[in-house]
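The following paragraphs lead the reader through a predicted model. Please keep the sequence and the structure in view while reading.

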Amino acid sequence: MLSVLIAARQEKYLEQTIRNVLENAEGEIEIIVVLDGYLPDPVINIGDDRVIFIHYEKSIGQRAAINEAARRANGELS
């Protein structure tokens, strides 16, 4: 399994990025998205069990967000 980690803070193209990764993925994959201090508006609804969202109300920073995603990852990191 491949784990893709995304730390996001006010990302305009987050949903498009997630969908693109899913469309181009080969083999078993999981995408862990850390919403660092915000919630997207409108809410992102991917409807795919391979995508996991982690939300922090207050920003924890990019490094901490990636570290948290890595702790929850089940596959190889890329």
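A salt bridge is counted here when a side-chain nitrogen of Lys or Arg lies within 4 Å of a carboxyl oxygen of Asp or Glu. By this criterion, Glu 15 and Arg 19 form a salt bridge, their closest N and O atoms being 2.9 Å apart. Both residues belong to helix H1, where 4 residues, about one turn of the helix, separate them. Glu 15 is partly exposed, at a relative accessible area of 29%, and Arg 19 is likewise partly exposed, at 34%.

The whole structure contains 4 salt bridges. Among them are two that involve Glu 68 in helix H2. One links Glu 68 to Arg 71, with 3.0 Å between the closest N and O atoms; the two residues are 3 apart in the helix, and therefore about one helical turn separates them. In the other, the side chains of Arg 72 and Glu 68 meet at 2.7 Å, N to O. Through these shared partners, Glu 68, Arg 71 and Arg 72 are joined into one network. Within it, Glu 68 is buried, with a relative accessible area of 12%, whereas Arg 71 is exposed at 60% and Arg 72 is partly exposed at 43%.

Attention now turns to the strands. Strand S2, residues 29-36, runs parallel to S1, to which 7 bridges join it, and parallel to S3, to which 6 bridges join it. Ala 8 stands opposite Leu 35 in S2, and Ile 31 stands opposite Val 51 in S3. Together, S1, helix H1 and S2 make a right-handed β-α-β unit.

In a regular strand, side chains alternate between the two faces of the sheet. Both faces of S2 are covered: Ile 29, Ile 31, Val 33 and Leu 35 are buried on one side, and Glu 30, Ile 32, Val 34 and Asp 36 on the other.

How values were computed
Residues numbered from 1 in each chain as written. Predicted model: local features only at pLDDT ≥ 70, side-chain atom pairs only at ≥ 80, totals over all residues. Heavy atoms only, no water. Buried < 20%, exposed > 50% of the residue type's maximum accessible area, 1.4 Å probe, protein only. Pairing = 2+ DSSP bridges. Right-handed = clockwise from strand over helix to strand, strands pointing away.
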